[in-house]
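Trainee: I would like to learn how to read this model feature by feature. Where do we begin?

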Amino acid sequence: MTINIRRLRDRLPQEIADLESEARQEGYLHITRLVDEWSTGDNRFQRDGERLFGAYVDDALVGIGGVTVETAMSGALRMRRFYIHSAMRGRCIGRMLALALLDHARSFCTVVTVHAGNDGAAKFWESLGFQPHGRDGHTHLLALRRHSDDPAASDLHRFTPRSP
């Protein structure tokens, strides 16, 4: 299994419909909002520092996530529209996607916020170093270190996990 993180720019991949359908069945509407905002042009992750990445396993889209300008906090970015296909959870794909976004964010800001939608999401973000910080519409924030300050920062965007 080869995991590849790719930037999404000009259009959303067709497979987004499968992620959106699954997320909706789980009671999550944030991928529906992503598709709607993209189609209307309200949000295409194009402002300075913004990015939308897709996580692919063997060329199949299995996850999505992005960062946008955090309007509630000057100089910060916000994790948005983060979702991993249920069959792919627990395989480090979400972690790789989040780390790729944080790696990108280091060049643009020193703080990233997120709204964890449930306890499982909160535990995931906390495992990445986010701290509970419930205000201005977000539940957690992470103070980033620049690459030169952080020996653990890496540019890893491809990963082949070992078989169990």
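Mentor: With a definition. Ala, Val, Leu, Ile, Met, Phe, Trp, Tyr, Cys and Pro count as nonpolar, Asp, Glu, Lys and Arg as charged, and the others, Gly among them, as polar. Now the ground rules. This is a predicted model, in which local features need pLDDT of at least 70, side-chain atom pairs count only at pLDDT 80 or more, and totals for chains, interfaces and linings use all residues. Residues are numbered from 1 along each chain as its sequence is written, and side-chain values use heavy atoms, with hydrogens and water left out.

Trainee: What pattern does the chain follow along the sequence?

Mentor: Helices (H or I, at least four residues) and strands (E, at least two) are DSSP runs, numbered from the N terminus. Here the chain has 4 helices and 8 strands. Their order is β-α-α-β-β-β-α-β-α-β-β-β. Contact means heavy atoms within 4.5 Å. Of the contacts between residues at least 6 apart in sequence, 63% join residues at least 24 apart.

Trainee: What volume does the largest pocket have?

Mentor: Rolling a probe the size of a water molecule over the atoms shows where empty space is left. The search uses a 1 Å grid over the protein atoms alone and a 1.4 Å probe; a pocket is an open set of points with protein on both sides within 12 Å along at least five of seven lines, and lining residues have an atom within 4 Å of a point. Grid points are joined across faces, edges and corners, and a volume is the space filled by probe spheres set on the points. The largest pocket comes to about 760 Å³. It is lined by 28 residues, and His-30, Phe-82, Tyr-83, Ala-121 and Trp-125 are the closest to its centre. The lining divides into 14 nonpolar, 7 polar and 7 charged residues.

Trainee: Which element gives the most to that lining?

Mentor: β4 does, with 7 residues. At least two lining residues come from each of α2 (30-40), β4 (76-84), α3 (93-105) and α4 (119-127).

Trainee: Why is α3 described as largely enclosed?

Mentor: Buried means under 20% relative accessible area, exposed over 50%, partly exposed in between (1.4 Å probe, protein chains only). In α3, 11 of the 13 residues are buried, so the rest of the structure largely encloses this helix. Among them are Ile-93, Met-96, Leu-97, Asp-103 and His-104. Over the whole chain, buried residues make up 45% of 164.

Trainee: Against which elements do the buried residues of α2 pack?

Mentor: They pack against α1 (16-25), β2 (51-57), β3 (60-69) and β4. The buried residues of α2 are His-30, Ile-31, Thr-32, Leu-34 and Trp-38. Gly-41 follows α2, with a positive phi near 85 degrees.

Trainee: Where is Asp-58, and what is its phi?

Mentor: Most residues other than glycine have a negative phi, and most peptide bonds are trans. Asp-58 has a positive phi, near 50 degrees. Its place is the loop between β2 and β3. With a relative accessible area of 52%, Asp-58 is exposed. Cys-92 also has a positive phi, near 75 degrees, and is found in the loop between β4 and α3.

Trainee: How many disulfides does the structure hold?

Mentor: A disulfide is a covalent bond between the sulfur atoms of two cysteines. The test is a pair of cysteine sulfur atoms within 2.5 Å. The structure holds 0. Cys-92 is partly exposed because its relative accessibility is 41%. Cys-109, at 4%, counts as buried.
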